[in-house]
Amino acid sequence: MARLLLFGGKGGVGKTTTSTSTAVGLADAGYKVLLVSSDPAHSTSDSLGVQLGPKPTAVAGFENLWGVELDPEARISDHIPKLTESITPFLGGEEMDINASEMVLPGLDEAMAFDELLKHLENPTWDVIVFDTAPTGHTLRFLALPEIIESWADKIIRMHRITGGIRAMMFGSKDGEKMREELEKFRRRVLHVRRILCDPEITRFTLVTIPEKMGVSETLRAYEALSDHKLPVTGCVVNRLTPDYDHPFIQTRRKTERKNIDELVAALPDIFYHEVELKETDIHGIESLRRISEEMHGKISKGEGLGPFQIGLGLEINRGTWVEGDDVYLHLPGIAREDLSLRSESGVVLVGINSREHQVPFNRPAKASDVVAKLENDVLRLTFPVD
Ligand SMILES: Nc1ncnc2c1ncn2[C@@H]1O[C@H](COP(=O)(O)OP(=O)(O)OP(=O)(O)O)[C@@H](O)[C@H]1O
Ligand SMILES: [Mg+2]
């Protein structure tokens, strides 16, 4: 399974710039990187100079970088049609023309975004997924979602008892069970995403901030809140530092900024810090992003085979998928044998991970029954038949 690097912070501090730069640095090092943006303003596209859409798009100029923009219009009813279907009869049926997306379940938009993220995470094509998140508040809302779904389901069921009591008496209570089942499935999926987000072997959260007093207080608050939800916050980028010029105004600013950063480090001594200076111009285009990546992480070099490689974000990154001779290796931390399946379709071998299928990257057609699968130490080895 891919590693997930999340970048969060207040509006305008440089989340898109630093997450995109990190993705560029990792792709240059040879990792297969998917950059995911949830920003409806398309600033990731602007920053890279490439038009991204809801399907992963290769970024020109790279062998290993893809980008995707989560679709802000994606509605719950597209993703969970069954949930909508099963709730509708509860609300008075067709004549009321209401669906689940219009029922106010707080955090649902975030749930959609993170569900899509999970789909990409489970795709063994990617080594690393870099996620340019929405403001921290949204992430927090998502983390609280499983409990919200529970109380929401209770509320709907109670409402049904009052309004639908007679109907239920006449038609039985099948609808109720069906809805409860769908909600429960949805809640389990959200719980699964939350487990992944809170697994420090998979996820790292980097807070982006500016060296101002308000930035520091906001970062401390975000750290608290995210840690309360057990999200592994391991790094902080301090962006827009005033560069060192010999002018009293500049020097005063630098002194203030240094004092603010010292306060931040004293309060959160155990995370990695990266400093990025304020540049003369906005940061657009691949070359500027490369320079920012180097400023943050130094030159990233790739480990070979299983060799882990560590970026300053405090995460060891293994290859997600690699091919050696007739063997294809898939790194799937935390996966259980029963969550895996294998089948083929016209010579293409498909591996199912948590019931989602992914194409195995191999350059010869094969039948699944001829492929030998072995799961050992979180690595699934698929040995293809010799031609
Ligand atoms: N170190 C820097 N020097 C100069 N310009 C910068 C720097 N960091 C970011 N910028 C510029 O500041 C603007 C905001 O940065 P960015 O889009 O990365 O912020 P953001 O946190 O993603 O914002 P939003 O919350 O709107 O998504 C951009 O135009 C970007 O090019
Ligand atoms: Mg942004």
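Student: How many residues of the chain count as buried, as a percentage?

Tutor: In this predicted model, 39% of the 387 residues count as buried. The chain contains twelve helices and 17 strands.

Student: How do you know that the span of helix 11 is close to the expected one?

Tutor: The expected span is 1.5 Å times one less than the number of residues. Helix 11, residues 248-267, has 20 residues, for which 28 Å is expected; from its first C-alpha to its last, the helix reaches 29 Å, which is close to that value.

Student: Why are the buried residues of helix 11 said to line one face?

Tutor: The buried residues in question are E257, N260 and L264. Seen down the axis of helix 11, they fall within an arc of 60 degrees, so they line one face of the helix. The face turned away from this buried side carries the exposed residues P248, T252, K255, D262 and A266.

Student: Which elements do the buried residues of helix 11 pack against?

Tutor: They pack against helix 10 (213-228) and strand 7 (233-241).

Student: Why are helix 10 and helix 11 called roughly parallel?

Tutor: Angles under 35 degrees count as roughly parallel. The axes of helix 10 and helix 11 cross at roughly 15 degrees and come within 9 Å. The two helices are therefore roughly parallel to each other. The contact is made by K213, V216, T219 and L220 of helix 10 together with N260, E263, L264 and A267 of helix 11.

Student: Which handedness does the crossing of helix 10 and helix 11 have, left or right?

Tutor: Helix 10 passes helix 11 in a right-handed crossing.

Student: What puts the buried residues of helix 6 on the same side?

Tutor: In helix 6, residues 136-143, the buried residues are T136, T139, F142 and L143. They cover an arc of only 120 degrees around the axis, and so they lie on the same side of helix 6.

Technical notes: Residues numbered from 1 in each chain as written. Chains lettered and ligands numbered in written order. Predicted model: local features only at pLDDT ≥ 70, side-chain atom pairs only at ≥ 80, totals over all residues. Helix = DSSP H or I, 4+ residues; strand = E, 2+ residues; numbered from the N terminus. Buried ≥ 20, exposed ≤ 12 C-beta atoms within 10 Å, placed from the backbone. Arc of directions from axis to C-beta. Contact = placed C-beta atoms within 7 Å. Axes fitted to C-alpha atoms, helices over the stretch in contact; angles between N-to-C directions. Parallel < 35°, antiparallel > 145°, perpendicular 65-115°, else oblique. Left-handed = near helix turned anticlockwise from the far one by under 90°.
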